[in-house]
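Subject: Structure handover

Hello,

Here is the structure we spoke about, passed on for you to look through. My notes on what was found in it follow below.

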Amino acid sequence: MPDLGIAEFPGIIMNQSAEELRRNTEEVLVPNIVRELTRLAQTTAATAEPGFDEIVFEGTLDEVNEHFLEKQWSDGLPIVPPTLDRVRAFLRYTERNPQEVIGNLAPENREATIWNVAVNGVMAGCRPEYMPVLIAAVEALADPDFHLRDAGATPGWEPLIILNGPIVKQLNFNYENAVLRAGRQANTSIGRFIRLYMRNVPGLRIAPGNTDKGSIALGMNVVLAENEDAVSELGWDSFSSARGFARSDNVVTVQSALAPTIPIYTAGDRALDHMETFVEIFGGTCAFWSHTAIRRGKYFPLLIISPGVAKVIARDGWTKKEMQRHLFEHTKVSVRALQAHAWHIGITAYDLKEIVKQGIVSDAYVQSNDPDRLVPAFIRPEWIGIVVSGDPGRNQSKGFVQNHAQAPPISKKVVLPGNWEGLLADGRGKHGS
């Protein structure tokens, strides 16, 4: 709504004195509201969108990149020009109609299509054979439960892609040392794709435009692939099988990642030696954000553990479910801390009794009226994600705080074309790998 009037309140509300709030309300906000309600709106014509296979520009590589920057179609890095031939090369790796609509994406309500998935995949530097993974990732974005419309919120979370299945090895994803580091083409280019797509189709952009209001963003977009071999050796469920898929399925999960923990180094030959530190660092970090999660009734934090650490825990007879249960039962936060942190973000009335009354969370939060009582920081044990990945030769793990109801984990099965093996062989020949 380009002609919508906006009355802006100056400054940061939570940092103003009572006198500043009164003055800014009476002298600035109210006059602004009156002005916007009484002005004559100027209707502007909607900008025509290019056709799905329309050539929008011709020029040299430098000229194409400058044009895309001017149109805000780029993330600021050089892009691969999405020529018709390059886009069609991607479309060979799917049997779906290029004009098929996957969904409508807010805030700018554009259609996600197979065609514009391919276009953005080319621009991000992906290989054509990544196309089935790209489609599954966009299907996750388009799922109504992902709440993509909230992706420009101030906490500044990033969409983290978690990948499972045989395709991890088929497409040469990194799942060992330096996992989540840019450097392996599959992990890096698909990570770039998800943010580039969110910019170009739903329209989540930083200034100019300001549809993305993330205050200080995480700045991480590299695919996290689980070590399927390590999971099998441990006898554990993979991340995707715990979410209801077969181990043979290729699965893309996309969820919000708000903030990481410090590197969690753990030592010892018993599971509890490691779990106590996970509760302290991973649980403690997540607890600081649990006030808003409890209020929304959603929380899906993620713990990444190296195969070396997982081996000790599994040898002691623990599964991922036992880990989840221990984290859930031992990670606590005081009600006083919940109320204080909620107030800092503008929730001036944080009433746990009302939250429980509405059925959002269990009555574990209202067992007494003591403001210093400890309550669960996690809402359900099964909502704590655990992925085995990282350097098998190090005793390091790392956790990610998730942004409650915004972008909970959404998993989609990767659908491969019928001639997948032949296409892969053809692609390897062209790429020399």
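**Notes on the loops, the whole chain and the aromatic rings**

Leucine 180 sits in the loop between α6 and α7. Please keep in mind that this is a predicted model. The phi angle of leucine 180 is near 70°, which is a positive value in a residue other than glycine. Asparagine 172 has a place in the loop between α6 (167-170) and α7 (185-200) as well. Phi of asparagine 172 is near 65°, again positive in a residue other than glycine.

Another backbone feature is a cis peptide bond, which runs from alanine 106 to proline 107 and has omega near 15°. Proline 107 belongs to the loop between β1 (101-105) and β2 (110-113).

Now the chain as a whole. The protein chain contains 15 helices and 13 strands. Its radius of gyration is 24 Å, close to the 22 Å that the globule rule gives for 433 residues, so the chain is as compact as a globular protein of that length. The C-alpha trace spans about 70 × 65 × 35 Å along its principal axes. Of the 433 residues, 48% are buried. Among contacts with a separation of 6 or more, 79% are between residues 24 or more positions apart.

The accessible surface of the protein chain is about 21100 Å², and carbon and sulfur atoms hold 51% of that. As for charge, the chain has 43 positive and 51 negative charges, and their mean positions are 2 Å apart.

Next, the aromatic rings. A search of the whole structure gives eight aromatic pairs. One of them joins phenylalanine 68 and tryptophan 73, whose rings are edge-to-face at 5.2 Å centre to centre, with 85° between the planes. Phenylalanine 68 counts as buried at 6% relative accessibility, whereas tryptophan 73 counts as partly exposed at 25%.

Tyrosine 299 and phenylalanine 378 form an aromatic pair too, and this one is tilted, with 6.2 Å centre to centre and 45° between the planes. Tyrosine 299 lies in the loop between α10 (290-296) and β8 (302-305), and phenylalanine 378 in the loop between β10 (374-376) and β11 (385-388), so the pair ties together parts that are 79 residues apart in sequence. Tyrosine 299 is buried, its relative accessible area being 1%. Phenylalanine 378 also counts as buried, at 1% relative accessibility. Together with Phe282, the residues Tyr299 and Phe378 make up one aromatic cluster.

Histidine 404 is placed in the loop between β12 (396-401) and β13 (410-413). Is histidine 404 buried or exposed? At 4% relative accessibility, histidine 404 counts as buried, because buried means under 20% relative accessible area.

Regards

Conventions: Residues are numbered from 1 along each chain as its sequence is written. This is a predicted model: local features need pLDDT of at least 70, side-chain atom pairs count only at pLDDT 80 or more; totals for chains, interfaces and linings use all residues. Side-chain values use heavy atoms; hydrogens and water are left out. Helices (H or I, at least four residues) and strands (E, at least two) are DSSP runs, numbered from the N terminus. The radius of gyration is taken over C-alpha atoms; the globule rule is 2.2 Å times the number of residues to the power 0.38. Buried means under 20% relative accessible area, exposed over 50%, partly exposed in between (1.4 Å probe, protein chains only). Contact means heavy atoms within 4.5 Å. Accessible areas come from the Shrake-Rupley method with a 1.4 Å probe; for residues, only the protein chains shown count as cover. Lys and Arg count as positive and Asp and Glu as negative; His and the chain ends are not counted. The place of a charge is taken as NZ of Lys, CZ of Arg, CG of Asp or CD of Glu. Rings of Phe, Tyr and Trp (its six-membered ring) pair if their centres lie within 6.5 Å; planes under 30 degrees apart count as stacked, over 60 as edge-to-face and the rest as tilted.
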